[in-house]
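Hi everyone, thanks for coming. Let me put today's structure up on the screen, and then we can walk through it together.

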Amino acid sequence: MARLRQADLQAAFALVGDAYAATTVDEFVACVLPTLRALVGAEFASYATAGPGSPPANWVFDPGEPFPGASTIFSQVFPDHPFSAQITQVSTRTLKLSDFVTQRGLRQLRYYDETMRPFGANHQLATTLWTSSPEPMGVGLGFSRERGDFTERHRDLLDVLNPQLARAYAAVAARDDLHVAGLALEAALGAAGRAALLVEPPGVVVFATDAA
């Protein structure tokens, strides 16, 4: 971790605080993805979710979809990605594409032709946030750029952030689920004009019906 600078750690701590402050998963993604993209010097960033051994889904891209139909194509060809097996295992190790394939070898792959070449990407870095409630689920964060491989400092930064962001994601997802449950409860009780509160430890009200 000696490669990390004080500015890196300050930015990491600030990001973790902002991530915990998110009230929904969508807010978490909107906060984390562009900030990490800037911190590692990427041109594009992606978010997706996956269970162990299953392909990623629910894609989100920053600053936007890199090419039309990217979400569908990424999911279809992901099994051909050089480190797909590692990403879909319960591992938090940050990976660089160059850990597995040379630039010459990369250009011979279907994955490169269909998902990287269309928007000029030649280098990738990825980390997976794993949550365990109620079942293991991976939150994949990927970063791409055209020129210059990502450095070991970038890897170290994501390694430091990974457990903190995983805990933040789990907390935000739990609040999000409670809110959805609260909306269902409000719909069920609304006609009768009854009140209800949803409270999470240590006594924080996360949802209240209008009658409450």
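Let's begin at a turn: in the hairpin of β1 and β2, which has 6 residues between the strands, G53 takes a positive phi near 80°. Before I go on, please keep in mind that this is a predicted model, where local features need pLDDT of at least 70 and side-chain atom pairs count only at pLDDT 80 or more, while totals for chains, interfaces and linings use all residues. Residues are numbered from 1 along each chain as its sequence is written, and side-chain values use heavy atoms, with hydrogens and water left out.

Across from Y47, the bridge partner in β2 is V60. The helices I mention are DSSP runs of H or I with at least four residues, the strands are E runs of at least two, and both are numbered from the N terminus.

Now for helix α1. Which of its residues are buried? They are D8, A12, L15, V16 and A19, where buried means under 20% relative accessible area, exposed over 50%, and partly exposed in between, using a 1.4 Å probe and protein chains only. Seen down the axis of α1, the buried residues fall within an arc of 100°, so they line one face of the helix; that arc is taken from the directions from the helix axis to the C-beta atoms. On the other side, Q6, A7, F13 and A21 are exposed.

The largest nonpolar core has 32 residues, and F28, V32, L36, L141, F143 and L165 have the most contacts inside it. Such a core is a set of buried Ala, Val, Leu, Ile, Met, Phe, Trp, Tyr and Cys residues joined through side-chain atoms within 4.5 Å. Helix α7 gives the most to this core, with 9 residues.

Finally, the aromatics. A search of the whole structure finds 7 aromatic pairs, meaning Phe, Tyr or Trp rings (the six-membered one for Trp) with centres within 6.5 Å; planes under 30 degrees apart count as stacked, over 60 as edge-to-face and the rest as tilted. F28 and Y169 make an edge-to-face pair, 5.2 Å centre to centre with 80° between the planes. That pair links F28 in helix α2 to Y169 in helix α7, 141 residues apart. Both F28 and Y169 are buried.

Notes: Two strands pair if DSSP finds at least two bridges between them.
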